[in-house]
Amino acid sequence: MLNFVVYELKKYKSSLVGAACIISARKIVRITPVWNSHLKDLFSIEYQEIEKPFKILYSFYKRCFNQFSPSESSKENQSN
């Protein structure tokens, strides 16, 4: 599974993967919004550019460390 994630992320610039790591961490600790104007200015990246690497990283996290209760997982899936 990790090999697949690493392979998929090789398609993206390191700055995009780094930004995706930050928003993944923000989502995990429930900081909202996960992407804001400060991060946009800091990275000079639009959310749409990091959406795919973010989804790869976050889905990997959820598969490996699924620590949410079933009710929270259902709510989260409905909001994505």
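This section describes the fold, surface and selected residues of a predicted model.

The protein contains five helices and zero strands, and from the N terminus on its elements follow the order α-α-α-α-α. Of its 80 residues, 31% count as buried. The accessible surface amounts to about 5,600 Å², and carbon and sulfur atoms account for 57% of that area. When contacts between residues at least 6 apart in sequence are considered, 61% of them join residues at least 24 apart.

Helix α1 spans residues 2–9 and includes E8. The relative accessibility of E8 is 16%, and this residue therefore counts as buried, the cut-off being under 20%. The side chain of E8 also takes part in a polar contact of 3.1 Å with the side chain of K11.

Buried positions in α2 are L16, V17, A19, A20, I23, S24 and R26. In an α-helix there are 3.6 residues a turn, so residues three or four places apart point the same way. After α2 comes R30, which has a positive phi, near 65°.

C21 has a relative accessible area of 40% and is partly exposed. C64 is likewise classed as partly exposed, at 35% relative accessibility. Across the whole structure, the search for disulfides returned zero.

Definitions and conventions:
Residues are numbered from 1 along each chain as its sequence is written. This is a predicted model: local features need pLDDT of at least 70, side-chain atom pairs count only at pLDDT 80 or more; totals for chains, interfaces and linings use all residues. Side-chain values use heavy atoms; hydrogens and water are left out. A disulfide is a pair of cysteine sulfur atoms within 2.5 Å. Buried means under 20% relative accessible area, exposed over 50%, partly exposed in between (1.4 Å probe, protein chains only). Helices (H or I, at least four residues) and strands (E, at least two) are DSSP runs, numbered from the N terminus. A polar contact is a pair of N or O atoms within 3.5 Å; within protein, one must be able to donate a hydrogen and the other to accept it, and residues adjacent in sequence count only if both atoms are side-chain atoms. Contact means heavy atoms within 4.5 Å. Accessible areas come from the Shrake-Rupley method with a 1.4 Å probe; for residues, only the protein chains shown count as cover.
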